[in-house]
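The following report considers the salt bridges and the surface of the structure shown here.

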Amino acid sequence: MFSINEHVKTLDYKVSRSTFGRVFRLDGSGHPKERKGSKFFTEIRAGLTTFFTMAYIIAVNASITTQSGGTCMCTDIVDKSCAIDVAYNACLIGINRDIITATAVIAGISSLAFGFFTNLPVALAPGMGLNAYFAYQVVGYHGTGKVSYRLALTAVFVEGFIFVFLSLIGMRQWLVKVIPASVKVASGVGIGMFLTEIGMSYSGIGLISGSPVTPTDIAGCPPQYLDPVAGNCRSHKMTNPTMWIGILCGGMLTAYLMSYRIKAAIIIGISVVSILSWPRDTPFTYFPHTSSGDSMFNYFKQVVAFHPIQHTLAAQDWNIGQAGAHFALALFTFLYVDIVDATATLYSMARFSGVVDPETGDFPRSTLAYCCDAIAISIGSLFGCSPVTAFIESGAGITEGGRTGLTAMTTGTCFLISIFFAPIFASIPPWATGCTLILVGCMMMRQVTAVNWSFIGDAVPAFVTIVTMPYTYSVAYGLIAGLFTYAVLNGMIYITKVVTRGKVQPPDADLAEYWTYKPGGNPPWFIKAAQGKLWNKGKFYSMDGQSVAGGTEASEKELVEGAAMRVPTRETHKG
């Protein structure tokens, strides 16, 4: 009698050998660039893992974006923020429910599209950090900033189309190629450290907090003992039951299961902690007997509920002139942060999943990937959301074995289903996913061995990149710090070499990684067009920066299913 495992293997084999398996390049599909180790059920499980790991965004993004005030109007002359205005706060409840639905919808649509068109295991959703910048710095608390919520959505909408343009001309792909190799590797490690910090903070298990004396401090106290100003624990450190249930059931149990290669280890850990946290009369309940706890529990008890978007749908204000310079500043800042943050995150996830071409530093269907996340930004703004980006929590699904777009499509499907089960998914406590983020950080740390530690000109910029990301709470700032360090340090070394005519050089200069401002592979097509090299004898270049010539070799960079990219072969060169 066949066991369940044997039935799964049989079905995996049948799916892999089908047209469906070939489209997604599953292992055993016969596709020349099939993804080794990718199986149908493994991809589904990985997609579920990614979803459960990032499901918190449904509630968290709604909470943060609601702080901007949304489309609610404050009419209080004395208190411009209407902090205690009954009517205003009643309006905010509707905004919060709108954003819960909007977050699930855009995460579902964008992840489905991204997985289908790019075949990468990366999920998209409104980005953490970007939503905080949108709510607190651009719009301001309850709309007290220089730019209104409606106008900020317009800036996000326009930014998305600018991103599409930059992706089509190859600028984003070219930018990734220009970044030094060690800094690119370090960005993946830094993101892992960033995830670890999130998992250890009160966005996760609550192990660390801020401090008025030191940058961070040991925490683990119940929320009522947190200093509302400094954010540190005034007493009762390491006594919070939610922290311990997160560590033991969400961390140790998951790691224990992973040691035996239990495929659903992460999902099991998140589910166990969530279920244990739902009963109300326990010291680690997610629904304490408070006004907010009662509200969350009443919402949770609905189980199945759909809330239509009533206030934030297509809420853009196109009267740009009223904000002028403030609108331009918001647009530029969104663009600057996104082009660094989103591009670095997407590249790091592609590298983590093992699909980056080591010769060109590119990954398959990169133009489609960058265009998909750019279009998702504009669509998200129509629902009332801050910029959408590739989620670093996708690393959880990749760790679980996700290698193809089926992982992202599974995650997207779960988000669309969650529209009707929002009360359940919005009730996954942060301490259920905290240790998952820490474990994913551990997995991403393995890339650190690929950094060139032998030469100080590569090692220091890589190290600065790694540590700056978690300490500044920003992927963008970490990458900028690393690139700045690389440019200054290696620039000084190069100037010294030129001035002394090569007589003064670091003794280990020969160990430095090769870098050039002319990146490997082909430059963007618009540069080739300007140089008159877009059309050359015997070959032409596609808009994805790929050459097509006489010889034929299969490549991970091919954009059309089953069509091998034409590149010069040895025989072509000999001719």
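At 15% relative accessibility, Arg-45 counts as buried, where buried stands for under 20% relative accessible area, exposed for over 50% and partly exposed for what lies in between (1.4 Å probe, protein chains only). This is a predicted model, in which local features need pLDDT of at least 70 and side-chain atom pairs count only at pLDDT 80 or more, while totals for chains, interfaces and linings use all residues. Residues are numbered from 1 along each chain as its sequence is written, and side-chain values use heavy atoms, with hydrogens and water left out.

| Salt bridge | N to O distance |
|---|---|
| Arg-45 and Glu-400 | 3.5 Å |
| Glu-34 and Lys-36 | 3.1 Å |
| Lys-237 and Asp-217 | 3.0 Å |

Arg-45 forms its salt bridge with Glu-400; because Arg-45 lies in helix α3 (residues 40-54) and Glu-400 in the loop between α15 (394-399) and α16, the pair ties together parts that are 355 residues apart in sequence. Helices (H or I, at least four residues) and strands (E, at least two) are DSSP runs, numbered from the N terminus. Glu-400 is likewise buried, with a relative accessible area of 10%.

In the pair of Glu-34 and Lys-36, Glu-34 is buried at 16% relative accessible area, whereas Lys-36 is exposed at 62%. Lys-237, which meets Asp-217, is partly exposed, with a relative accessible area of 35%.

Notes:
A salt bridge is a side-chain nitrogen of Lys or Arg within 4 Å of a carboxyl oxygen of Asp or Glu.
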